[in-house]
Amino acid sequence: TTKSVAIVGATGAVGKKILEKLLERNFPVQSIKLLASSRSAGKEIIVGGNTYTVEETVPESFDGVDLAFFSAGGNISKMFAQEAVTRGAVVIDNTSAFRMTEHIPLVVPEVNEHALQNHTGIIANPNCSTIQMVTALQPLREKFGMKRIIVSTYQAVSGAGAEAIAELQSQSGQFADRADSEASILPSAGASKHYPIAFNAIPQIDSFDSSGYTLEELKMINETKKIFGDDDLHVSATCVRLPVVTGHSESVYIEIGKVGITAEDIREALVGAPGIVVQDDPSTQSYPMPLFAEGEDDVFVGRIRKDPDHPAGFHLWIVADNLLKGAALNSIQIAESLIR
Ligand code: A2P
């Protein structure tokens, strides 16, 4: 059966990818409604030769909608997601609004598709950095167990939305005079100070918690435990924004639950696993990079090495398109799982 679909935040960096991917994957759509703010009402978006007109998001927008993808920020989700469910839609929410709510499933289909069984209308799509990490670690966790994860991220600006991409582009144009780069978006739209991202690395994504961690870091910590269903797993994160347009990279250190495992064993466990491509051959300088992951559905893993001093420790380098597997693609995979 075909579905009446709505995309909330359709003019945004992720919303546009959701529309493209729905069409590319021949998702069984009956109709598609593009929703955004009043600022975008009437705007036309052309994809695959079809023209779609954007509408303002109001409660009545969800009448007759079977499936609503939300990607317009947490506040919009809090305002409209329950409303959409009340009007009969299933909501797949790409914001952080409901991810840690107890009875709301937080799903990466390759990892915990089973969690979808108990949904009550809203399903949360995890944080982009979390998704690519858990997708790559799941086969290792299944085979060898997982005790600890320490991750440092190298995140692209598109994760902060279309305005952040524009900010990097304009600052890059001002590179000769970088001191005068104007910054008004990054590190995060609501922050009291802004720093240039061009030719920089900003160790702040989202705002700070009283613990000294950023909310992005806490998302990686808490969401990973929820998706794996393992409160005893030790997870810690440092999240850094880089002047990359699209494609998040992660240096991930893991301690597995077994000793005597080699880097080759890790590689073998990952080759052919769902959604994963291993690119790991120093002799040919083969390793994942964001420039080459952009536009790809898979999660790329390389630089697999054993910790010389820890019998169960390994390093991995994990790269994926943050707008696709990290957001739009994962949301659509959730919808496809629901239909199945
Ligand atoms: P708009 O373009 O009308 O502002 P991004 O993540 O790239 O920054 O995109 C954010 C998305 O959220 C955009 O589609 C934006 O629409 C949408 N959005 C922002 N504010 C609202 C709102 N009040 N109601 C509905 N959508 C909103």
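So, at what angle do helix 4 and helix 6 pack, and how far apart are their axes? Before I answer, a word on what we're looking at. This is a predicted model, where local features need pLDDT of at least 70, side-chain atom pairs count only at pLDDT 80 or more, and totals for chains, interfaces and linings use all residues. Residues are numbered from 1 along each chain as its sequence is written, and side-chain values use heavy atoms, with hydrogens and water left out.

Okay, the helices. Helix 4 covers residues 128-144 and helix 6 covers 215-228, and they pack at about 40 degrees with axes 10 Å apart. Helices here are DSSP runs (H or I, at least four residues), numbered from the N terminus. The axes are lines fitted to C-alpha atoms over the stretch in contact, and angles run from 0 to 180 degrees between N-to-C directions. That angle is why we call helix 4 and helix 6 oblique to each other; under 35 degrees would be roughly parallel, over 145 roughly antiparallel, 65 to 115 roughly perpendicular, and the rest is oblique.

Who touches whom? On helix 4, the contact residues include M133, V134 and L137, and on helix 6 they include M220, I227 and F228. Contact means heavy atoms within 4.5 Å. By class, this contact has seven nonpolar, four polar and four charged residues. For the classes, Ala, Val, Leu, Ile, Met, Phe, Trp, Tyr, Cys and Pro are nonpolar, Asp, Glu, Lys and Arg are charged, and the others, Gly among them, are polar.

Helix 4 also packs with helix 7, residues 263-270, at about 115 degrees with axes 9 Å apart. Here A136, P139, L140, K143 and F144 of helix 4 meet D265, I266, A269 and L270 of helix 7. That contact divides into seven nonpolar, no polar and two charged residues.

Now the ligand. It has 15 residues around it, and the closest are T11, A13, S37, R39 and S40; a residue counts if one of its heavy atoms lies within 4 Å. A polar side-chain atom of T11 is 2.5 Å from a ligand oxygen. From the backbone, a polar atom of A13 lies 2.9 Å from a ligand oxygen, and a backbone N or O atom of A162 is 2.9 Å from one too.

Last stop, the loop between helix 5 and helix 6. P187 sits there, and a cis peptide bond joins L186 to P187, with omega about 5 degrees. F199 is in that loop as well, with a positive phi of about 60 degrees although it isn't a glycine. Most residues other than glycine have a negative phi, and most peptide bonds are trans.

Notes: Helix = DSSP H or I, 4+ residues; strand = E, 2+ residues; numbered from the N terminus. Polar contact = N/O pair within 3.5 Å; in protein donor to acceptor, adjacent residues only side chain to side chain.
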